Amino acid sequence: MAESARSLTDLFGLFGNRRAAEARPAAASAPATEPEVSHPTKALQKFLGWLENRERPVLVDLGPVVGSNVNFFGEQLGCRIRVEDIASDIEAHLKAGTIDELPAFFARRFTQPPGSVDGILCWDVFDYLDKAASQTLAAALTTLLKPDGVLLGFFSTAEGRPPLYTKYVVVDPMHLKYRTYPASRPRQRALLNGDIIRMFGGLRVSDSFLMKSHIREMLFRKSST
Amino acid sequence: MWKRDESVKPATPPAPAPAAPAAPAVSMPPAASERRHQHMGENVNIGKSVIIKGELSGSEDLTIEGHVEGRIELKENILTIGPNGKIRAEVFAKSVIVLGEVTGNVTASDKVDIRDNGSVDGDITSPRVAIAEGAHFRGSVDMQRGGGKPAAKAPAPAPATAAASAAAAPAQGQKVGA
(Lines give C-alpha, C1' and ligand atoms only; values in the text may rest on other atoms or scores of the structure.)
Protein backbone atom coordinates (compact mmCIF):
# COMPACT_ATOMS: atom_id res chain seq x y z
CA MET A 1 0.00 0.00 0.00
CA ALA A 2 2.80 2.29 0.97
CA GLU A 3 4.60 1.34 -2.20
CA SER A 4 1.58 2.00 -4.35
CA ALA A 5 1.17 5.40 -2.66
CA ARG A 6 4.81 6.18 -3.34
CA SER A 7 4.50 5.23 -6.96
CA LEU A 8 1.42 7.41 -7.33
CA THR A 9 3.36 10.28 -5.79
CA ASP A 10 6.20 9.60 -8.21
CA LEU A 11 3.74 9.54 -11.09
CA PHE A 12 2.26 12.90 -10.11
CA GLY A 13 5.75 14.23 -9.54
CA LEU A 14 6.68 13.09 -13.03
CA PHE A 15 3.71 14.95 -14.52
CA GLY A 16 4.64 18.00 -12.54
CA ASN A 17 8.23 17.89 -13.75
CA ARG A 18 7.17 17.34 -17.34
CA ARG A 19 4.83 20.31 -17.16
CA ALA A 20 7.58 22.44 -15.70
CA ALA A 21 10.01 21.22 -18.36
CA GLU A 22 7.49 22.01 -21.10
CA ALA A 23 6.88 25.45 -19.70
CA ARG A 24 10.56 26.36 -19.51
CA PRO A 25 11.44 26.41 -23.22
CA ALA A 26 8.30 28.43 -23.95
CA ALA A 27 9.35 30.99 -21.41
CA ALA A 28 12.87 30.97 -22.76
CA SER A 29 11.68 31.47 -26.33
CA ALA A 30 9.38 34.35 -25.37
CA PRO A 31 10.80 37.63 -26.65
CA ALA A 32 12.65 39.36 -23.88
CA THR A 33 11.09 42.74 -23.27
CA GLU A 34 13.84 45.28 -23.18
CA PRO A 35 13.56 47.70 -20.32
CA GLU A 36 12.65 51.12 -21.56
CA VAL A 37 15.44 53.61 -21.19
CA SER A 38 14.78 57.16 -20.09
CA HIS A 39 16.50 59.74 -22.25
CA PRO A 40 17.37 63.17 -20.88
CA THR A 41 15.61 66.19 -22.29
CA LYS A 42 16.57 69.79 -21.74
CA ALA A 43 13.95 71.63 -23.74
CA LEU A 44 10.85 70.14 -22.15
CA GLN A 45 11.57 71.70 -18.79
CA LYS A 46 12.05 75.08 -20.46
CA PHE A 47 8.84 74.59 -22.41
CA LEU A 48 6.96 73.90 -19.16
CA GLY A 49 8.66 76.86 -17.53
CA TRP A 50 7.34 79.22 -20.21
CA LEU A 51 3.79 77.98 -19.77
CA GLU A 52 3.43 77.30 -16.06
CA ASN A 53 2.46 80.82 -15.08
CA ARG A 54 -0.26 81.10 -17.67
CA GLU A 55 -3.87 80.73 -16.69
CA ARG A 56 -5.27 77.55 -18.30
CA PRO A 57 -2.97 77.51 -21.30
CA VAL A 58 -4.00 75.83 -24.55
CA LEU A 59 -1.62 73.18 -25.84
CA VAL A 60 -1.51 71.38 -29.17
CA ASP A 61 0.28 68.03 -29.29
CA LEU A 62 1.22 66.90 -32.80
CA GLY A 63 2.34 63.44 -31.69
CA PRO A 64 0.25 60.31 -31.34
CA VAL A 65 -1.96 60.26 -28.28
CA VAL A 66 -0.11 59.13 -25.15
CA GLY A 67 -2.44 58.90 -22.17
CA SER A 68 0.25 59.51 -19.58
CA ASN A 69 1.40 62.64 -21.43
CA VAL A 70 -2.12 64.02 -21.44
CA ASN A 71 -2.23 63.51 -17.69
CA PHE A 72 1.24 64.92 -17.20
CA PHE A 73 0.54 68.18 -19.03
CA GLY A 74 -2.89 68.44 -17.47
CA GLU A 75 -1.42 68.06 -14.00
CA GLN A 76 1.59 70.29 -14.59
CA LEU A 77 -0.12 73.12 -16.40
CA GLY A 78 -3.85 72.74 -15.78
CA CYS A 79 -4.11 73.14 -19.52
CA ARG A 80 -6.47 72.25 -22.29
CA ILE A 81 -4.56 69.93 -24.60
CA ARG A 82 -5.55 69.09 -28.14
CA VAL A 83 -4.03 66.03 -29.78
CA GLU A 84 -3.49 66.39 -33.53
CA ASP A 85 -1.65 63.26 -34.63
CA ILE A 86 0.37 64.31 -37.67
CA ALA A 87 1.87 60.82 -38.12
CA SER A 88 -1.61 59.43 -38.73
CA ASP A 89 -2.17 62.17 -41.33
CA ILE A 90 1.03 61.13 -43.11
CA GLU A 91 0.01 57.48 -42.97
CA ALA A 92 -3.47 58.24 -44.32
CA HIS A 93 -2.03 60.21 -47.24
CA LEU A 94 0.54 57.52 -47.98
CA LYS A 95 -2.15 54.85 -48.04
CA ALA A 96 -4.39 56.98 -50.25
CA GLY A 97 -1.49 57.83 -52.58
CA THR A 98 -2.05 61.54 -51.96
CA ILE A 99 1.17 62.40 -50.17
CA ASP A 100 1.76 65.25 -52.64
CA GLU A 101 -1.39 66.89 -51.32
CA LEU A 102 -0.03 67.07 -47.78
CA PRO A 103 1.03 70.74 -48.01
CA ALA A 104 -2.48 71.78 -49.07
CA PHE A 105 -3.92 69.58 -46.35
CA PHE A 106 -1.76 71.19 -43.67
CA ALA A 107 -2.78 74.65 -44.83
CA ARG A 108 -6.36 73.90 -43.75
CA ARG A 109 -5.62 71.24 -41.12
CA PHE A 110 -6.12 73.26 -37.95
CA THR A 111 -9.52 74.57 -37.00
CA GLN A 112 -8.43 76.66 -34.04
CA PRO A 113 -8.53 80.44 -34.49
CA PRO A 114 -5.22 82.13 -35.27
CA GLY A 115 -3.31 83.25 -32.20
CA SER A 116 -5.23 80.96 -29.84
CA VAL A 117 -2.58 78.45 -28.75
CA ASP A 118 -0.04 78.95 -25.96
CA GLY A 119 2.22 75.99 -26.66
CA ILE A 120 2.81 73.45 -29.43
CA LEU A 121 4.55 70.10 -28.97
CA CYS A 122 5.85 69.15 -32.40
CA TRP A 123 8.12 66.34 -31.17
CA ASP A 124 9.87 65.04 -34.32
CA VAL A 125 7.07 65.27 -36.91
CA PHE A 126 9.10 67.49 -39.21
CA ASP A 127 11.61 64.68 -39.75
CA TYR A 128 8.93 62.75 -41.65
CA LEU A 129 7.90 65.56 -43.99
CA ASP A 130 9.35 66.80 -47.23
CA LYS A 131 10.32 70.42 -47.62
CA ALA A 132 7.01 71.71 -49.00
CA ALA A 133 4.90 69.99 -46.35
CA SER A 134 7.30 71.11 -43.60
CA GLN A 135 7.07 74.73 -44.65
CA THR A 136 3.28 74.71 -44.86
CA LEU A 137 2.97 73.03 -41.47
CA ALA A 138 5.46 75.42 -39.87
CA ALA A 139 3.53 78.40 -41.26
CA ALA A 140 0.21 76.99 -40.01
CA LEU A 141 1.66 76.44 -36.53
CA THR A 142 3.18 79.92 -36.43
CA THR A 143 -0.25 81.35 -37.20
CA LEU A 144 -1.84 79.28 -34.43
CA LEU A 145 0.52 80.49 -31.72
CA LYS A 146 -0.42 83.36 -29.47
CA PRO A 147 2.04 86.21 -29.11
CA ASP A 148 4.65 84.93 -26.65
CA GLY A 149 3.58 81.39 -27.44
CA VAL A 150 6.19 78.63 -27.44
CA LEU A 151 6.86 75.71 -29.78
CA LEU A 152 8.97 72.64 -29.03
CA GLY A 153 10.50 70.64 -31.88
CA PHE A 154 12.87 67.68 -32.06
CA PHE A 155 15.00 67.28 -35.16
CA SER A 156 17.09 64.22 -35.86
CA THR A 157 20.75 64.82 -36.66
CA ALA A 158 21.28 61.23 -37.89
CA GLU A 159 20.66 60.06 -41.45
CA GLY A 160 19.28 56.71 -42.54
CA ARG A 161 17.07 55.74 -39.66
CA PRO A 162 14.65 52.80 -39.95
CA PRO A 163 10.99 53.47 -40.87
CA LEU A 164 9.71 53.98 -37.38
CA TYR A 165 7.75 56.71 -35.67
CA THR A 166 8.57 57.55 -32.08
CA LYS A 167 6.17 58.21 -29.24
CA TYR A 168 7.84 60.48 -26.73
CA VAL A 169 6.53 59.48 -23.33
CA VAL A 170 7.16 62.02 -20.62
CA VAL A 171 8.67 60.46 -17.50
CA ASP A 172 9.33 63.76 -15.76
CA PRO A 173 10.25 67.26 -16.95
CA MET A 174 13.82 66.13 -17.61
CA HIS A 175 13.34 62.64 -19.02
CA LEU A 176 11.50 61.00 -21.90
CA LYS A 177 11.03 57.43 -22.99
CA TYR A 178 11.14 56.69 -26.70
CA ARG A 179 8.58 54.14 -27.87
CA THR A 180 8.79 53.26 -31.56
CA TYR A 181 6.10 51.90 -33.86
CA PRO A 182 6.11 51.11 -37.58
CA ALA A 183 5.98 53.85 -40.18
CA SER A 184 5.23 53.46 -43.89
CA ARG A 185 8.21 55.55 -44.85
CA PRO A 186 11.41 56.52 -43.08
CA ARG A 187 12.44 59.92 -41.87
CA GLN A 188 13.23 62.33 -44.67
CA ARG A 189 16.56 64.11 -44.82
CA ALA A 190 18.02 65.45 -41.58
CA LEU A 191 17.33 69.15 -41.41
CA LEU A 192 20.22 71.53 -40.86
CA ASN A 193 20.02 74.18 -38.20
CA GLY A 194 19.68 76.94 -40.78
CA ASP A 195 16.89 75.09 -42.60
CA ILE A 196 14.94 74.76 -39.37
CA ILE A 197 15.36 78.42 -38.44
CA ARG A 198 14.27 79.52 -41.94
CA MET A 199 11.28 77.20 -41.78
CA PHE A 200 10.00 78.94 -38.64
CA GLY A 201 10.64 82.41 -40.00
CA GLY A 202 7.87 83.96 -37.90
CA LEU A 203 9.39 82.68 -34.64
CA ARG A 204 12.69 83.19 -32.92
CA VAL A 205 14.89 80.45 -31.51
CA SER A 206 14.81 80.58 -27.75
CA ASP A 207 16.94 77.54 -26.94
CA SER A 208 18.61 74.75 -28.85
CA PHE A 209 20.18 71.63 -27.36
CA LEU A 210 22.13 68.93 -29.15
CA MET A 211 21.47 65.66 -27.34
CA LYS A 212 23.47 62.44 -27.26
CA SER A 213 20.45 60.64 -28.71
CA HIS A 214 21.15 62.43 -32.04
CA ILE A 215 18.25 64.79 -31.53
CA ARG A 216 18.41 68.55 -31.68
CA GLU A 217 15.82 69.91 -29.27
CA MET A 218 14.68 73.40 -30.20
CA LEU A 219 12.40 75.88 -28.52
CA PHE A 220 10.86 78.70 -30.54
CA ARG A 221 8.92 81.68 -29.31
CA LYS A 222 6.59 84.02 -31.05
CA SER A 223 7.33 87.65 -30.41
CA SER A 224 5.00 89.32 -27.94
CA THR A 225 4.02 92.10 -30.32
CA MET B 1 -28.08 32.12 -1.00
CA TRP B 2 -28.26 30.72 -4.49
CA LYS B 3 -31.93 31.55 -4.74
CA ARG B 4 -31.19 35.21 -4.09
CA ASP B 5 -28.61 35.27 -6.87
CA GLU B 6 -31.08 33.83 -9.34
CA SER B 7 -33.46 36.66 -8.64
CA VAL B 8 -30.86 39.24 -9.53
CA LYS B 9 -30.41 40.16 -13.14
CA PRO B 10 -27.09 39.01 -14.61
CA ALA B 11 -24.45 41.69 -14.99
CA THR B 12 -24.51 41.34 -18.75
CA PRO B 13 -27.91 40.01 -19.69
CA PRO B 14 -28.43 38.71 -23.21
CA ALA B 15 -29.33 41.35 -25.72
CA PRO B 16 -33.03 42.01 -25.90
CA ALA B 17 -34.96 40.97 -28.95
CA PRO B 18 -34.29 43.17 -31.97
CA ALA B 19 -35.99 46.42 -31.38
CA ALA B 20 -37.15 49.17 -33.62
CA PRO B 21 -35.62 52.57 -32.95
CA ALA B 22 -36.72 53.51 -29.50
CA ALA B 23 -38.77 56.45 -28.42
CA PRO B 24 -37.07 59.79 -28.91
CA ALA B 25 -36.55 60.39 -25.25
CA VAL B 26 -35.82 57.74 -22.69
CA SER B 27 -35.55 58.51 -19.04
CA MET B 28 -34.98 56.18 -16.16
CA PRO B 29 -36.57 57.42 -12.95
CA PRO B 30 -34.89 56.08 -9.84
CA ALA B 31 -37.55 53.63 -8.79
CA ALA B 32 -37.10 51.99 -5.40
CA SER B 33 -36.22 48.61 -6.90
CA GLU B 34 -33.70 50.21 -9.21
CA ARG B 35 -32.12 52.03 -6.31
CA ARG B 36 -31.78 48.67 -4.60
CA HIS B 37 -30.03 47.27 -7.67
CA GLN B 38 -27.74 50.26 -7.83
CA HIS B 39 -26.94 49.78 -4.18
CA MET B 40 -26.00 46.19 -4.93
CA GLY B 41 -23.68 47.29 -7.74
CA GLU B 42 -26.25 46.50 -10.43
CA ASN B 43 -26.33 48.42 -13.64
CA VAL B 44 -28.63 48.76 -16.58
CA ASN B 45 -27.53 47.32 -19.88
CA ILE B 46 -28.61 48.52 -23.32
CA GLY B 47 -28.11 45.54 -25.62
CA LYS B 48 -26.28 45.66 -28.91
CA SER B 49 -29.39 45.45 -31.06
CA VAL B 50 -30.96 48.51 -29.42
CA ILE B 51 -30.88 51.88 -31.16
CA ILE B 52 -31.82 54.98 -29.23
CA LYS B 53 -32.20 58.42 -30.78
CA GLY B 54 -32.84 61.29 -28.45
CA GLU B 55 -32.05 62.06 -24.86
CA LEU B 56 -31.04 59.37 -22.41
CA SER B 57 -30.89 60.29 -18.76
CA GLY B 58 -31.02 58.41 -15.49
CA SER B 59 -29.69 57.89 -12.04
CA GLU B 60 -28.06 54.49 -12.11
CA ASP B 61 -25.00 53.05 -13.75
CA LEU B 62 -25.49 52.22 -17.40
CA THR B 63 -23.70 50.02 -19.91
CA ILE B 64 -24.39 50.64 -23.58
CA GLU B 65 -23.67 47.95 -26.13
CA GLY B 66 -26.05 49.36 -28.72
CA HIS B 67 -26.28 52.60 -30.67
CA VAL B 68 -27.20 55.91 -29.10
CA GLU B 69 -27.55 59.21 -30.91
CA GLY B 70 -28.37 62.46 -29.17
CA ARG B 71 -27.51 63.19 -25.56
CA ILE B 72 -26.67 61.02 -22.56
CA GLU B 73 -26.88 62.41 -19.05
CA LEU B 74 -25.98 60.33 -15.98
CA LYS B 75 -24.53 63.03 -13.79
CA GLU B 76 -24.19 60.94 -10.64
CA ASN B 77 -23.38 57.61 -12.23
CA ILE B 78 -20.98 55.58 -14.30
CA LEU B 79 -21.54 55.21 -18.01
CA THR B 80 -19.79 52.32 -19.74
CA ILE B 81 -19.68 52.17 -23.52
CA GLY B 82 -19.18 48.46 -24.16
CA PRO B 83 -17.01 47.04 -26.95
CA ASN B 84 -20.04 46.93 -29.27
CA GLY B 85 -21.38 50.33 -28.24
CA LYS B 86 -21.49 53.14 -30.79
CA ILE B 87 -22.37 56.58 -29.50
CA ARG B 88 -22.93 59.77 -31.44
CA ALA B 89 -23.87 62.02 -28.59
CA GLU B 90 -22.96 64.64 -26.08
CA VAL B 91 -22.17 62.69 -22.93
CA PHE B 92 -22.41 63.93 -19.33
CA ALA B 93 -21.70 61.50 -16.50
CA LYS B 94 -19.82 61.09 -13.27
CA SER B 95 -17.44 58.59 -14.86
CA VAL B 96 -17.25 57.38 -18.42
CA ILE B 97 -15.52 54.14 -19.43
CA VAL B 98 -15.08 53.70 -23.16
CA LEU B 99 -14.45 50.32 -24.73
CA GLY B 100 -16.45 51.04 -27.89
CA GLU B 101 -16.81 54.13 -30.07
CA VAL B 102 -17.85 57.60 -29.03
CA THR B 103 -18.28 60.51 -31.40
CA GLY B 104 -19.11 63.65 -29.50
CA ASN B 105 -17.97 65.63 -26.52
CA VAL B 106 -17.61 63.83 -23.21
CA THR B 107 -17.90 65.63 -19.87
CA ALA B 108 -17.31 63.75 -16.61
CA SER B 109 -17.20 65.13 -13.09
CA ASP B 110 -14.83 62.37 -11.95
CA LYS B 111 -13.02 60.42 -14.66
CA VAL B 112 -12.93 59.47 -18.33
CA ASP B 113 -11.24 56.16 -19.03
CA ILE B 114 -10.60 55.17 -22.66
CA ARG B 115 -9.58 51.54 -22.63
CA ASP B 116 -7.58 49.56 -25.16
CA ASN B 117 -9.48 49.57 -28.51
CA GLY B 118 -11.83 52.23 -27.19
CA SER B 119 -12.29 55.26 -29.43
CA VAL B 120 -13.28 58.85 -28.76
CA ASP B 121 -13.66 61.52 -31.41
CA GLY B 122 -14.50 64.64 -29.50
CA ASP B 123 -13.47 66.89 -26.68
CA ILE B 124 -13.10 65.56 -23.15
CA THR B 125 -13.67 67.64 -20.04
CA SER B 126 -12.82 65.84 -16.80
CA PRO B 127 -10.49 66.25 -13.84
CA ARG B 128 -9.04 62.80 -14.48
CA VAL B 129 -8.42 61.19 -17.84
CA ALA B 130 -6.87 57.81 -18.63
CA ILE B 131 -6.13 56.84 -22.20
CA ALA B 132 -4.80 53.32 -22.68
CA GLU B 133 -2.11 52.33 -25.13
CA GLY B 134 -3.99 51.23 -28.23
CA ALA B 135 -6.94 53.52 -27.64
CA HIS B 136 -7.97 55.99 -30.32
CA PHE B 137 -8.51 59.60 -29.35
CA ARG B 138 -8.95 62.65 -31.49
CA GLY B 139 -9.90 65.88 -29.84
CA SER B 140 -8.93 67.95 -26.87
CA VAL B 141 -8.66 67.20 -23.17
CA ASP B 142 -9.57 69.80 -20.59
CA MET B 143 -8.63 68.62 -17.12
CA GLN B 144 -10.60 71.25 -15.29
CA ARG B 145 -9.65 72.07 -11.78
CA GLY B 146 -10.79 74.83 -9.49
CA GLY B 147 -9.13 78.04 -10.61
CA GLY B 148 -7.15 76.16 -13.22
CA LYS B 149 -4.06 76.15 -11.08
CA PRO B 150 -1.67 73.25 -11.50
CA ALA B 151 -1.66 70.54 -8.83
CA ALA B 152 2.05 69.96 -9.05
CA LYS B 153 4.57 72.20 -10.66
CA ALA B 154 7.62 71.06 -12.53
CA PRO B 155 10.69 71.43 -10.41
CA ALA B 156 12.11 74.84 -11.02
CA PRO B 157 15.13 74.72 -13.32
CA ALA B 158 17.57 75.64 -10.57
CA PRO B 159 20.78 76.93 -12.12
CA ALA B 160 22.92 74.86 -9.73
CA THR B 161 21.13 71.63 -10.70
CA ALA B 162 21.34 72.41 -14.38
CA ALA B 163 25.02 73.18 -14.04
CA ALA B 164 25.61 69.97 -12.10
CA SER B 165 23.85 67.84 -14.69
CA ALA B 166 25.72 69.57 -17.50
CA ALA B 167 28.96 68.82 -15.74
CA ALA B 168 27.98 65.18 -15.30
CA ALA B 169 27.28 64.82 -19.02
CA PRO B 170 29.33 67.41 -20.80
CA ALA B 171 28.29 66.50 -24.33
CA GLN B 172 24.65 65.86 -23.44
CA GLY B 173 22.30 68.72 -24.08
CA GLN B 174 25.05 71.00 -25.22
CA LYS B 175 23.43 74.34 -25.87
CA VAL B 176 24.05 75.19 -29.48
CA GLY B 177 21.72 78.05 -30.13
CA ALA B 178 20.83 81.42 -28.75
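Of the 178 residues of chain B in this predicted model, 37% count as buried. In chain A, which has 225 residues, the buried share is 49%. The secondary structure of chain B consists of 3 helices and 13 strands, while that of chain A comes to 7 helices and 9 strands.

**Chain-level surface and contacts**

- Chain A has an accessible surface of about 10,700 Å², with 58% belonging to carbon and sulfur atoms.
- When contacts in chain B between residues at least 6 apart in sequence are considered, 15% link residues at least 24 apart.
- For chain A, contacts between residues at least 6 apart in sequence include 69% that link residues at least 24 apart.

**Parallel strand pairing in chain B**

- Strand β5 (residues 67–81) of chain B runs parallel to strand β3 (residues 51–58) of chain B, and 7 bridges join the two.
- Within this pairing, Ser57(B) lies opposite Glu73(B) of β5(B).
- β5(B) also pairs in the parallel sense with strand β4 (residues 62–64) of chain B, over 3 bridges.
- Here Leu62(B) has Leu79(B) in β5(B) as its bridge partner.
- A further parallel pairing joins β5(B) to strand β6 (residues 86–98) of chain B through 12 bridges.
- In that pairing, Val68(B) faces Ile87(B) of β6(B) as its opposite residue.

**An open antiparallel sheet in chain A**

- An open sheet in chain A is formed by 3 strands in the order β1-β7-β6, with antiparallel pairing.
- Its edge strands are β1 (38–40) and β6 (164–172) of chain A, each of which pairs on one side only.
- On average, neighbouring strands of this sheet are turned by 40 degrees against each other, direction ignored.
- β1(A) and β7(A) run antiparallel and are joined by 3 bridges.
- Ser38(A) has Lys177(A) in β7(A) as its bridge partner.

- Pro186(A) belongs to the loop between β7 (175–182) and α7 (193–199) of chain A.
- The relative accessible area of Pro186(A) is 36%, so this residue is partly exposed.
- Gly160(A) is 26 residues away from Pro186(A) along the chain, yet their C-alpha atoms are separated by 7.9 Å.
- Apart from neighbours within four places in sequence, Pro186(A) contacts Tyr128(A), Arg161(A), Pro162(A) and Pro163(A).

**Residues with positive phi in chain A**

- Most residues other than glycine have a negative phi.
- Trp123(A) is not a glycine but has a positive phi of about 50 degrees.
- Trp123(A) lies in strand β4 (residues 117–123) of chain A.
- Trp123(A) counts as buried because its relative accessibility is 4%, the cut-off for burial being under 20%.
- His214(A) likewise is not a glycine and has a positive phi, of about 65 degrees.
- His214(A) sits in the loop between β8 (203–210) and β9 (215–222) of chain A.
- With a relative accessible area of 44%, His214(A) is partly exposed.

**The largest pocket**

- The largest pocket holds about 360 Å³ of space.
- It is lined by 18 residues, and those closest to its centre are Pro64(A), Val65(A), Asp85(A), Ser88(A) and His136(B).
- Two or more residues of the pocket lining come from each of α4 (86–96) and β6 of chain A and β12 (136–142) of chain B.

**Cavities**

- The whole structure contains 2 cavities of 30 Å³ or more.
- The largest cavity has about 90 Å³ of space.
- Of the 13 residues lining the largest cavity, Ala87(A), Asp124(A), Val125(A), Tyr165(A) and Thr166(A) lie nearest its centre.
- The elements that contribute two or more residues to this lining are α4 and β6 of chain A.
- α4(A) supplies the largest share of the lining of the largest cavity, with 3 residues.

How values were computed:
Residues are numbered from 1 along each chain as its sequence is written. Chains are lettered from A and ligands numbered from 1 in the order in which they are written. This is a predicted model: local features need pLDDT of at least 70, side-chain atom pairs count only at pLDDT 80 or more; totals for chains, interfaces and linings use all residues. Side-chain values use heavy atoms; hydrogens and water are left out. Helices (H or I, at least four residues) and strands (E, at least two) are DSSP runs, numbered from the N terminus. Buried means under 20% relative accessible area, exposed over 50%, partly exposed in between (1.4 Å probe, protein chains only). Contact means heavy atoms within 4.5 Å. Two strands pair if DSSP finds at least two bridges between them. Axes are lines fitted to C-alpha atoms, for helices over the stretch in contact, and angles run from 0 to 180 degrees between N-to-C directions. On a 1 Å grid over the protein atoms alone, a cavity is a set of points where a 1.4 Å probe fits but cannot get out, and a pocket is an open set with protein on both sides within 12 Å along at least five of seven lines; lining residues have an atom within 4 Å of a point. Grid points are joined across faces, edges and corners, and a volume is the space filled by probe spheres set on the points. Accessible areas come from the Shrake-Rupley method with a 1.4 Å probe; for residues, only the protein chains shown count as cover.
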